[in-house]
Amino acid sequence: MSADAVTRLSGERIDHRFKGLPLDADALTVGELAAQRRNLFTGGFTTPVLTLSAERLRHNLRLMESYTERHGLAFAPHGKTTMAPQLFRQQLEHGAWGITLAVPHQVRVARAFGVRRIFLANELVDPAALRWVAAELTADPAFRFICYADSVRGVELMDAALRQVGGRPVDVVVELAAGDGARTGARTEADCLAVAEAVAAAPSLRLAGVAGYEGEVPDATEERVRAWLVRLVELAARLDKAGLFTGTGLEEIVVSAGGSAWFDTVAEVFTRLPGLSRPPLKLLRSGAYVSHDDGHYRSITPFVRVPEEGALEPAFRLWAQVVSRPTGEQAFLNAGKRDAAYDLGMPEAQVVRRGDVERPAEAIAVTRLSDQHAWLETGPGADLEVGDWVGMGLSHPCTVFDKWQLIPLVEADGTVVDYIRTFF
């Protein structure tokens with residue numbers, strides 16, 4: 001990854017595009033503002049403002065690095081969660097094989113910052129995007145790109161577009177669907193075989209392995225997820241036995257799965273991968289771990305099932321201010337749907353700050369979000385006044401990051417040490 005490209009982010013000017021930052025910081029560069037090491041609560045920051053905990057971010061990066069090493073997994077964390085090149089760099093520095101992405105725009109962002117291994121966990125049939133990928137492969141011999149295919153028709157479209165430009169073959173993995181009614185993916189092993197044969201026969205493509213997403217297993221349980229993963233590894237063996245992994249220069253066979261809910265089961269089943277004609281690249285793709293959360297992923301992370309392996313820590317906190325206290329049972333904050341994720345649960349009121357005193361948010365619950373307001377229900381024990389700051393935990397990182405372009409990175413004492421730039 002290009003350290004220079006990431007470093008250049010510090011030269012961007014602060015202005016009206018960035019929510020929550022100090023109003024007197026206009027015309028400063030991001031690097032100049034970071035060097036001032038302002039305090040979040042006394043340094044002129046305005047509400048609402050989303051923050052990331054520097055300590056918890058470091059903890060989560062180290063934990064997943066050690067987990068994947070311990071279980072013999074390569075790791076390509078899903079970059080669509082954050083779309084933050086600074087975090088991509090830290091993930092790569094903590095042992096990641098590459099970065100997973102979902103759509104061509106995201107690949108362009110990653111390439112602009114020099115990411116050299118990209119796993120596109122999606123089908124790619126757009127001719128313009130395919131030609132762009134081919135040009136990137138030609139321009140950078142060190143660039144590796146892998147994408148899904150789940151239909152013969154899709155393979156035909158890929159080959160037709162790529163033959164127009166030539167160059168290195170594009171690596172393709174066959175996507176096995178997680179079940180009937182699931183998302184993308186070939187539904188049966190026979191369908192997968194037909195797709196694999198089409199890829200192997202296409203001059204512009206190279207069959208590189210198999211993949212899928214166990215998070216789409218219908219009515220997922222550990223047993224059902226395990227059964228699907230067994231199908232996935234058996235599919236790799238079947239395609240290998242059929243002699244389909246014969247592309248020029250293919251050094252390993254990719255077997256990839258792993259969202260943020262079942263990566264312990266992925267690790268378990270991948271240890272049973274049968275012998276293949278080439279070494280397997282057992283590639284995990286979890287993305288939400290980097291910030292974790294205080295809702296959905298807190299309840300489903302595998303570390304709940306295997307606490308001896310460690311524990312992720314929620315790194316987000318959204319700060320908003322009480323702007324209205326119309327009754328003893330109700331209050332309103334100046335943050336809403338434009339600022340907080342709400343698709344997998346309401347924000348969780350955690351702390352109240354008045355002046356320099358911070359205390360637990362007792363008898364306070366977020367019950368509803370409007371575009372720019374959070375509705376609070378307050379019980380008899382709630383000590384809450386207009387002007388107080390309320391710190392909230394959030395659920396679902398993927399729909400938190402995309403609401404903020406520049407996110408303060410904060411140490412435990414409130415010192416803002418950096419700013420994380422996102423590109424959605």
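Modeller: Happy to. Buried means under 20% relative accessible area, exposed means over 50%, and partly exposed is what falls in between, using a 1.4 Å probe and protein chains only. This is a predicted model, in which local features need pLDDT of at least 70 and side-chain atom pairs count only at pLDDT 80 or more, while totals for chains, interfaces and linings use all residues. Residues are numbered from 1 along each chain as its sequence is written, and side-chain values use heavy atoms, with hydrogens and water left out.

Now to the rings. Rings of Phe, Tyr and Trp (for Trp, its six-membered ring) pair if their centres lie within 6.5 Å; planes under 30 degrees apart count as stacked, over 60 as edge-to-face and the rest as tilted. The structure holds 12 aromatic pairs. One of them joins Phe119 and Tyr148 in an edge-to-face arrangement, with 5.9 Å from centre to centre and 85° between the planes. Phe119 belongs to strand E4 (residues 117–123) and Tyr148 to strand E5, so this pair ties together parts that are 29 residues apart in sequence. Those labels are DSSP runs numbered from the N terminus: helices are H or I runs of at least four residues, and strands are E runs of at least two. Tyr148 is buried, with a relative accessible area of 3%, and Phe119 is buried too, at 0%.

Another pair is Trp319 with Trp389, which is tilted: 6.1 Å centre to centre and 50° between the planes. Trp319 lies in strand E10 (residues 316–327) and Trp389 in strand E16 (residues 389–393), so here the parts tied together are 70 residues apart in sequence. Trp319 counts as buried at 3% relative accessibility, and Trp389 counts as buried at 12%.

A charge sits over a ring if NZ of Lys or CZ of Arg is within 6 Å of the ring centre and within 35 degrees of the ring normal. The charged end of Lys19 sits over the ring of Trp404, 3.9 Å from its centre, and Lys337 lies over the face of Tyr342, 5.4 Å from the ring centre.

Back to the strands that hold the first pair. Two strands pair if DSSP finds at least two bridges between them. Eight strands form an open sheet with parallel pairing, in the order E2-E9-E8-E7-E6-E5-E4-E3. Its edge strands are E2 (74–75) and E3 (99–101), each pairing on one side only. E2 pairs with strand E9 (residues 280–284) in the parallel sense over two bridges, and Phe75 stands opposite Leu284 in E9.

Finally, E5 leads us to a helix. The buried residues of H8 pack against strand E5 (144–149), helix H7 (152–163), strand E6 (170–175), strand E7 (205–211) and helix H9 (222–241), where contact means heavy atoms within 4.5 Å. In H8, the buried residues are Cys192, Val195, Ala196, Ala198 and Val199. They cover an arc of only 160° around the axis, which puts them on the same side of H8; the arc is that of the directions from the helix axis to the C-beta atoms. The face of H8 turned away from that buried side carries the exposed residues Ala190 and Ala201.
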